[in-house]
Amino acid sequence: MKTAVNISVDPKVENWEMLCAAAKRHVEEFLQQAGNIINVAELSQYTTLKLSIGYLFPGTENTLNKVGSFQNIQIIGKRINELWIASKKDDSNTWENELLIHEALKAVITPSVASDDTSSSTRDPLDRKGNPMNFLLPAYETMWRVVMRCLLEIRYRGAENGQAWSRILRDYIDNLQDSGVVSTFRSPGQNGTSALDIVKEALRLYPPSRRIHREFDSGAQRIDIEKIHRSKLLGQDDPLVFRPERWQSIGAEFRPPQVAVDDEVAKTRLRELEEELGFMPFAFRCPAGKGETRGFGWKMIALLVGVISDGLDSDWELKNGGALPQIGTPLASDREAYTDLELKRRT
Ligand code: HEM
C-alpha cells in the first residue's frame, strides 16, 4: 500500500481541548467494552484511529458514534496492521478485494450530514485519489505504534522515574482541558523533564519510520533513522535505554530555565542542534513535523499517551510481565511486536 497524495494537517485542528476530551471518551468507551482483559495494541489502535478519523474527516462526529462503529474502527485498525505486515512478505493481497475494510471505512467516514470539508476527497476506498487510506495511513500507522511503546515505557517496565513521567503527561493533558494553554508541553516538570522530552525520547528510541528511501540523480539512498537515533551522539552512554532526562543535557543553553519557555529563537536553535546530531523522526517531509503545523505530531503523541495512561489509572497490570524485555533493553520495533500483549484488571 502506497500513499498517493500529499496532505497537510488542518491548522484548525489546533483545538487541543476538544481533541483531548474526544480522546478521553474513546479510551472510556474502549474500557467499557472490555472485560477483565484488554489488548494493549488494540487500545492504542482504537484511540489513535478514532481520534485521527475525527480530525482528518470533518462531519464524522455522528457516524463515528453510530451503533457498530466500535467494531468498524477495530476492523480498520487491525486490518491496516495485518495488511502492512503482509505487504512486506508477499504482494498477494489486493486492496480491491478488501471488502470488509471498505465497508467499515464507508460506515464511519461517510458524513451523515453535508460537511464543510472542501477538500477534493471523495472518501471512496476504490478511488485512487479519494481513498481515505491516503490520509489515514501516514497519520495513524506511525502514531499508534509510538504511542503504545511510550505507554509501555512510562507505565509497564518498572522504570525508576515512570511515575514522574506519567505525572508530567497527566499535568500536560489536565492543562489542555483547563485552559487550552499548551505551554506546559515544553515547561520543565518533575526532575526538569518536560512532556516534550518524553515524546522526543519515544521518537528517538522508537522512530515509527525506521528507514527512509530517497532517489537522487546520483542514485537511491537509504537512511537508517533508527540506527542514527541510537548512536552515541543522541543516545550518549546509554543509547538503548528509554531515558527522557537525557534531553536536558542536549542544548541545555537553549532550554528552560536558561531561556523562556516561549523563546522562539532558542526553540529554533535547539531544533537545529538536535537535527545536526541526527534527530529526524519526521524526516523533514512529514506535515505533522514541519512548517506551520510542526508541533502537531509531537503534541498528539503526548496527548494520546497521557490520556490512555490516565484512563488505565492503576486498575490494570500486565498479564504477562515476562513478555517484555529486561529494562535497559529496547522494546522490539517491528510491527508484529506486542500485538498480543494484554493487561488484566487488578482484583
Ligand atoms: C508519530 C508521528 C509521525 C511520524 C513519526 C511521522 C513520520 C513521517 C516520516 C518519516 C515521513 C517521510 C517518509 C518518507 O519520506 O519516506 C512522513 C511522511 C508523511 N506524513 Fe508523517 N509522521 C507522523 C505523523 C503524521 C500525521 C499525524 C500526519 C497527518 C495528519 C502525517 C502525514 C504525513 C504525510 C502526508 C506524509 C507524506 C509527505 C510527503 O511525501 O511529502 N504524519 N511522516
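This is a predicted model: local features need pLDDT of at least 70, side-chain atom pairs count only at pLDDT 80 or more; totals for chains, interfaces and linings use all residues.
Trainee: What radius of gyration does the protein chain have, and what would a compact globule have?
Mentor: The C-alpha atoms of the chain fill a box of roughly 60 × 55 × 40 Å along the principal axes. A compact globule with 347 residues would have a radius of gyration near 20 Å, and the protein chain agrees with this, since its own value is 20 Å.

Trainee: How are helix H2 and helix H3 oriented, roughly parallel or roughly perpendicular?
Mentor: Helix H2, residues 40-56, packs against helix H3, residues 69-89, with their axes 9 Å apart and at an angle of about 110 degrees. Angles of 65 to 115 degrees count as roughly perpendicular, and therefore H2 is, relative to H3, roughly perpendicular.

Trainee: Which classes of residue make up the contact of H2 with H3?
Mentor: On the H2 side the contact includes Tyr46 and Leu49, while H3 contributes residues including Phe70 and Ile73. Sorted by class, the contact has three charged, five polar and five nonpolar residues.

Trainee: Which residue of the protein is the donor to the iron atom of the ligand, and where is its place?
Mentor: The iron atom has a single donor from the protein, an SG atom 2.3 Å away, which belongs to Cys286. The place of Cys286 is in the loop between helix H10 (264-276) and helix H11 (296-312).

How values were computed:
Residues are numbered from 1 along each chain as its sequence is written. Side-chain values use heavy atoms; hydrogens and water are left out. Donors are N, O and S atoms within 2.8 Å of the metal (3.2 Å for Na, K and Ca); water is not among the atoms, so sites may look incomplete. Helices (H or I, at least four residues) and strands (E, at least two) are DSSP runs, numbered from the N terminus. Axes are lines fitted to C-alpha atoms, for helices over the stretch in contact, and angles run from 0 to 180 degrees between N-to-C directions. Angles under 35 degrees count as roughly parallel, over 145 as roughly antiparallel, 65 to 115 as roughly perpendicular and the rest as oblique. Contact means heavy atoms within 4.5 Å. Ala, Val, Leu, Ile, Met, Phe, Trp, Tyr, Cys and Pro count as nonpolar, Asp, Glu, Lys and Arg as charged, and the others, Gly among them, as polar. The radius of gyration is taken over C-alpha atoms; the globule rule is 2.2 Å times the number of residues to the power 0.38.
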